[in-house]
Amino acid sequence: MKSVALFAIKGGVGKSTLAVNLAHAAATNGGRRTLLWDLDAQSAATFLLQREAPARARAREAFAEDSLESLIVHTNYPNLHILPADRSLRRLEGDLARDDRAKAIRHRLRDFTESYDRILIDCPPGLSELADRVFRAADLLVMPAVPSPLSGRATVQLHTELQRHHKGKPPLLPVWNMADKRRRLHRESVAAADWPVIPYSAAIEQMAVHRAPVAAFQPRGAAARAFADLWARVEAALLRTG
Ligand SMILES: Nc1ncnc2c1ncn2[C@@H]1O[C@H](COP(=O)(O)OP(=O)(O)OP(=O)(O)O)[C@@H](O)[C@H]1O
Ligand SMILES: [Mg+2]
């Protein structure tokens with residue numbers, strides 16, 4: 001089992017969008033037994049996969065012993081399960097700040113080793129207690145960034161954090177997201193760093209209407225192709241993690 005966290009210091013850059021599409025690509029193109037773990041109380045990824053937050057808010061219980069299996073639900077797609085988010089996660093930061101088990105998420109992931117090949121973790125933005133635990137657990141961080149010099153700065157900040165406090169692990173795969181060729185700043189930013197590119201796309205925006213990964217309703221479009229290519233890059237990066 002390998003785990004990939006969708007993480008960025010900045011908000012609104014496409015973490016949940018990438019989490020849903022990459023999880024779908026892993027399950028569909030890659031045939032991987034895939035779990036999407038939504039760790040953001042906003043529950044955007046849960047919404048996009050057409051899962052309602054459960055009537056009883058229990059997502060926080062994923063950190064208690066023995067309750068994991070009952071929290072996982074099937075999606076409409078073969079091989080793809082989700083551990084949905086709900087409002088109980090608002091209290092997670094406080095729990096983690098009090099908890100001396102720094103490896104909480106790593107231990108939880110270990111429980112999934114037999115059941116899943118790939119786990120995609122959708123994180124809330126920012127360097128937080130949760131981010132710290134995710135860095136200790138994930139095999140790879142995928143960081144979406146909107147093309148701009150500010151994104152380069154956010155990447156340096158994240159690299160510095162990982163070097164200083166996490167011995168440079170896990171490896172970081174930055175991704176240009178919402179890239180718009182018509183904009184000069186976007187073209188210049190994309191040319192300046194050789195990262196995978198997800199274009200700005202009306203189809204991707206439509207995910208919130210269809211409540212589905214883009215490949216489920218526009219399988220032959222440019223956006224679906226871009227996510228399939230990105231998933232191949234993620235798999236290649238995972239191979240390098242050993
Ligand atoms: N490539 C894209 N093309 C067009 N719209 C996009 C693209 N990627 C993301 N969006 C849109 O941008 C908005 C923010 O995306 P998303 O919710 O995935 O970001 P996020 O980083 O998870 O945000 P948050 O920090 O709030 O969790 C959404 O409305 C989404 O539909
Ligand atoms: Mg999000």
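Trainee: How do the residues of the shell around ligand 1 divide into nonpolar, polar and charged?
Mentor: Keep in mind that this is a predicted model. The shell holds 18 residues, with Gly12, Lys15, Ser16, Thr17 and Asn177 coming nearest to ligand 1. By class, they divide into 7 nonpolar, 8 polar and 3 charged.

Trainee: Which element gives the largest share of the shell around ligand 1?
Mentor: Start with the elements that each supply at least two residues: helix H1 (15-28), strand S7 (172-179), strand S8 (197-199) and helix H9 (202-205). The largest share is 3 residues, and the element behind it is H1.

Trainee: Which residue has a side-chain N or O atom 3.1 Å from an oxygen atom of ligand 1?
Mentor: Let's set the backbone partners aside. A backbone N or O atom of Pro199 lies 3.0 Å from a nitrogen atom of ligand 1, and a polar backbone atom of Ser201 is 3.0 Å from a nitrogen atom of the ligand too. The contact you want uses a side chain and an oxygen atom of ligand 1, at 3.1 Å, and the residue is Gln42.

Trainee: How much of ligand 1 does the protein bury?
Mentor: Picture the ligand taken alone, where it exposes 640 Å². With the protein in place, the buried part of that is 79%.

Trainee: Where does ligand 1 sit?
Mentor: Look at the pocket that has about 420 Å³ of space. Its lining counts 24 residues, and those closest to its centre are Gly12, Gly14, Ser16, Thr17 and Met178. Gly12, Ser16 and Thr17 are also among the residues that come nearest to ligand 1. The ligand's place is the largest pocket.

Trainee: Which elements give two or more residues to the lining of the largest pocket, and how does that lining divide by class?
Mentor: For the elements, the list is H1, helix H2 (44-48), S7, H9 and helix H10 (207-210). For the classes, the lining divides into 12 nonpolar, 8 polar and 4 charged.

Trainee: What about the second largest pocket: which element gives the largest share of its lining?
Mentor: This pocket has a volume of about 340 Å³. Its lining has 14 residues, and Phe135, Arg136, Ala138, Lys169 and Pro170 lie nearest its centre. Two elements give two or more residues, helix H6 (129-137) and helix H7 (149-166). The largest share, 3 residues, comes from H6.

Trainee: How many residues in the lining of the second largest pocket are charged?
Mentor: Take the other classes out of the way to begin with. The lining has 5 nonpolar and 3 polar residues. The charged ones number 6.

Trainee: Which peptide bond is cis?
Mentor: Two of the residues nearest the centre of that second pocket are Lys169 and Pro170. Pro170 is in the loop between H7 and S7. With omega near -5 degrees, the cis bond is the one from Lys169 to Pro170.

Trainee: Which residue has a positive phi although it is not a glycine?
Mentor: Go to the loop between strand S2 (34-38) and H2. The phi there is about 50 degrees, and the residue is Ser43.

Trainee: Why would anyone roll a probe over the atoms?
Mentor: The probe is the size of a water molecule, so rolling it over the atoms shows where empty space is left. Here, the structure holds 1 cavity of 30 Å³ or more. The space in the largest cavity is about 40 Å³.

Trainee: Which element gives the largest share of the lining of the largest cavity?
Mentor: The lining includes Ala8, Ile9, Val13, Met143 and Pro144, and by class it has 7 nonpolar, 1 polar and 1 charged residues. Strand S6 (140-145) and H7 each give two or more residues. The largest share, 3 residues, comes from S6.

How values were computed. Residues numbered from 1 in each chain as written. Chains lettered and ligands numbered in written order. Predicted model: local features only at pLDDT ≥ 70, side-chain atom pairs only at ≥ 80, totals over all residues. Heavy atoms only, no water. Near = heavy atom within 4 Å. Polar contact = N/O pair within 3.5 Å; in protein donor to acceptor, adjacent residues only side chain to side chain. Areas by Shrake-Rupley, 256 points an atom, 1.4 Å probe, with all protein chains shown as cover. 1 Å grid on protein atoms, 1.4 Å probe; cavity = no way out; pocket = protein on both sides within 12 Å on 5 of 7 lines; lining within 4 Å. Sits in = over half its atoms within 2 Å of the grid points. Helix = DSSP H or I, 4+ residues; strand = E, 2+ residues; numbered from the N terminus. Nonpolar A, V, L, I, M, F, W, Y, C, P; charged D, E, K, R; others polar. Points joined across faces, edges and corners; volume = space filled by probe spheres on them.
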